[in-house]
Amino acid sequence: MRTLTSSIVVMSLSVGLWGCPPKQLPDPAVTDPVDPVAEPVVEEKPLTIAEVHAQVNEAAAWLTTGDVGQAQQALRQLDALARKAPELAEIPYNRGVAYQIIGDENMARKEYLRATDIDPSLSAAWLNLGAIAQQSGDLDKALSMYRAGQRSSPDDPDLISGVIGVLRELGKDDEAIAQSKAALAQNANNINVYNHLGLIYIEQGNLELAQFVYQKALNDVPGAKQNAMIHANLGQVLLLKEKIANARVELEKALELDPQLVVAMMFLAQLHMDNRDWESTVAVLEQARALQPNNPGIHLNLGIGYRGLGRFEEAQRSYQKALELDPGNPDPYLNLAVLLGDHMKSYDAALDALDTYTKQGGTREELVAEWTQDIEKQKKRFERAEARRQRREEAKRREELARQAEEEAAQQPPPEPEPEPPAPEERSPQHEAPQEQPVEEPKEDDPWGG
């Protein structure tokens with residue numbers, strides 16, 4: 001994880017900064033003609049410097065909450081103060097903070113630049129300008145902002161840390177290491193420089209040196225033991241070295257110091273994923289998602305956690321959200337292919353995901369070829385098994401139909417027997433017809449018929 005973001009710095013005023021007793025600030029000249037008929041205008045009482053100081057600090061206190069509603073309230077108060085004290089750089093500076101909390105980074109940038117026009121030595125404004133550019137991915141612009149601030153405040157530890165962090169993200173490791181060592185030679189207590197230097201060694205694969213840097217900070221630098229990022233980064237080193245128990249201790253310590261430190265949540269979730277503790281993985285990452293809903297890495301890992309729990313549709317939505325937030329990263333398509341092919345049995349969709357990964361610039365060609373071949377085999381096995389299943393179901397259906405026909409036949413009443421034909425009528429002798437007597441023919445030798 002290469003980005004080490006800077007938090008927004010809120011600036012309050014101290015009475016001692018003014019260097020003079022309270023006095024009234026002049027009101028802008030009245031240019032409208034006087035209307036004798038109009039109601040008399042009640043002139044607003046000019047504010048003293050002490051009163052301006054108090055109202056700026058009040059607005060700055062609202063901004064420290066990070067609440068959008070209070071930021072809007074602070075902005076209204078600061079807008080009114082800007083008309084009364086246009087020469088005070090802290091007013092546009094805190095207006096920039098308010099706009100940043102509200103989410104209008106374009107207006108925040110304009111207000112920070114206005115503050116640096118009034119006071120070029122206002123390093124906090126340069127720091128926030130650099131952080132905005134860095135978070136948007138414009139590393140060259142971020143570097144120029146940090147270095148512009150260094151021209152007026154060369155020893156500012158946060159600006160030095162900002163420069164080193166951008167050099168690290170640009171891959172200029174040698175220059176970043178050189179500047180880190182120079183900064184620590186000048187100020188051995190700059191905790192942020194230790195954080196960046198250790199991250200450079202992690203990215204180079206030099207885990208022993210990275211661990212040495214963080215341990216040295218914890219042992220020698222005042223306040224390092226209370227720095228959540230030092231513990232989080234040391235936890236990352238120990239996790240990479242597979243010292244799981246020690247890593248867990250450091251990551252939980254980081255979250256104890258800063259319960260909203262998302263980078264520590266990400267490393268802790270990785271530890272849970274390695275242990276296949278999917279419930280803990282999802283619990284940590286859902287908390288991280290609530291804090292950084294537009295972090296694509298959170299959605300990607302959350303998809304893995306949901307997949308482990310069998311919540312496949314939620315996993316698919318998480319992968320798609322990661323692609324939406326970071327369309328230039330094709331890696332989620334690999335996760336989608338695993339989900340669709342191995343778990344959801346959507347083999348054509350899985351093959352499409354692998355094809356899209358390649359078309360979007362994915363470089364793991366051998367892995368894609370291996371997975372494509374495996375998914376195609378799974379598809380054929382599934383189709384054969386599906387055909388056998390359908391044949392079994394069809395045979396079972398036919399057997400069921402035959403059984404039902406037999407049961408229906410058994411439930412039918414037996415057919416009535418056909419009636420026998422009547423017996424021939426018997427007649428009594430007296431009713432019989434007289435039999436015809438044969439007539440004898442006369443004999444030839446008896447001419448008289450006797």
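**Close-up views of salt bridges, cores, patches and loops**

Across the whole structure, a search turns up 18 salt bridges, each one being a side-chain nitrogen of Lys or Arg within 4 Å of a carboxyl oxygen of Asp or Glu. We're looking at a predicted model, where local features need pLDDT of at least 70 and side-chain atom pairs count only at pLDDT 80 or more, while totals for chains, interfaces and linings use all residues. Residues are numbered from 1 along each chain as its sequence is written, and side-chain values use heavy atoms, with hydrogens and water left out.

**View A. Arg95 and Glu111 pair up across two helices.** The closest N and O atoms of this salt bridge sit 3.4 Å apart. Arg95 comes from helix H3 (residues 90–102) and Glu111 from helix H4 (residues 105–118), so the pair, 16 residues apart, links distant parts of the chain; helices here are DSSP runs (H or I, at least four residues), numbered from the N terminus. Both ends are tucked away: Arg95 is buried with a relative accessible area of 15%, and Glu111 is buried at 1%. For these labels, buried means under 20% relative accessible area, exposed means over 50%, and partly exposed is in between (1.4 Å probe, protein chains only).

**View B. Arg147 reaches over to Glu175.** Their side chains meet in a salt bridge, at 3.3 Å from N to O. Arg147 belongs to helix H6 (residues 139–152) and Glu175 to helix H8 (residues 173–186), so this contact ties together parts that lie 28 residues apart in sequence. Neither end is hidden: Arg147 is partly exposed at 31% relative accessibility, and Glu175 is partly exposed at 33%.

View C. Lys321 is partly exposed, at 27% relative accessibility, whereas Glu324 is exposed at 55%. Elsewhere, salt bridges with shared partners join Asp79, Arg95, Glu111 and Arg114 into one network.

**View D. Ala89 comes up to Arg114, a member of that network.** The two are 25 residues apart in sequence, but their C-alpha atoms are 7.7 Å apart in space. Ala89 sits in the loop between helix H2 (68–84) and H3. At 4% relative accessibility, Ala89 is buried.

View E. The largest one has 72 residues, and Ile91, Tyr93, Tyr112 and Tyr146 have the most contacts inside it. Apart from that one lies another core of 45 residues, including Leu255, Met265, Leu285 and Leu302. A core here is a set of buried Ala, Val, Leu, Ile, Met, Phe, Trp, Tyr and Cys residues joined through side-chain atoms within 4.5 Å.

View F. Most residues other than glycine have a negative phi. Glu242 is exposed, with a relative accessible area of 65%. Lys345 is partly exposed at 39% relative accessibility.

View G. Patch members have over 30% relative accessible area and no salt bridge, and like charges are joined within 9 Å. Arg384 is part of helix H19 (residues 365–411) and is partly exposed at 47% relative accessibility.

**View H. A negative patch on the surface.** Asp342, Glu365, Glu366, Glu370 and Asp374 gather here. Helix H19 gives the most to this patch, with 4 residues. Asp342 lies in helix H17 and is partly exposed, with a relative accessible area of 36%.

Key
Patches are made of residues with over 30% relative accessible area and no salt bridge: like charges are joined within 9 Å, nonpolar side chains (Val, Leu, Ile, Met, Phe, Trp, Tyr) within 5 Å. Accessible areas come from the Shrake-Rupley method with a 1.4 Å probe; for residues, only the protein chains shown count as cover. Lys and Arg count as positive and Asp and Glu as negative; His and the chain ends are not counted. The place of a charge is taken as NZ of Lys, CZ of Arg, CG of Asp or CD of Glu.
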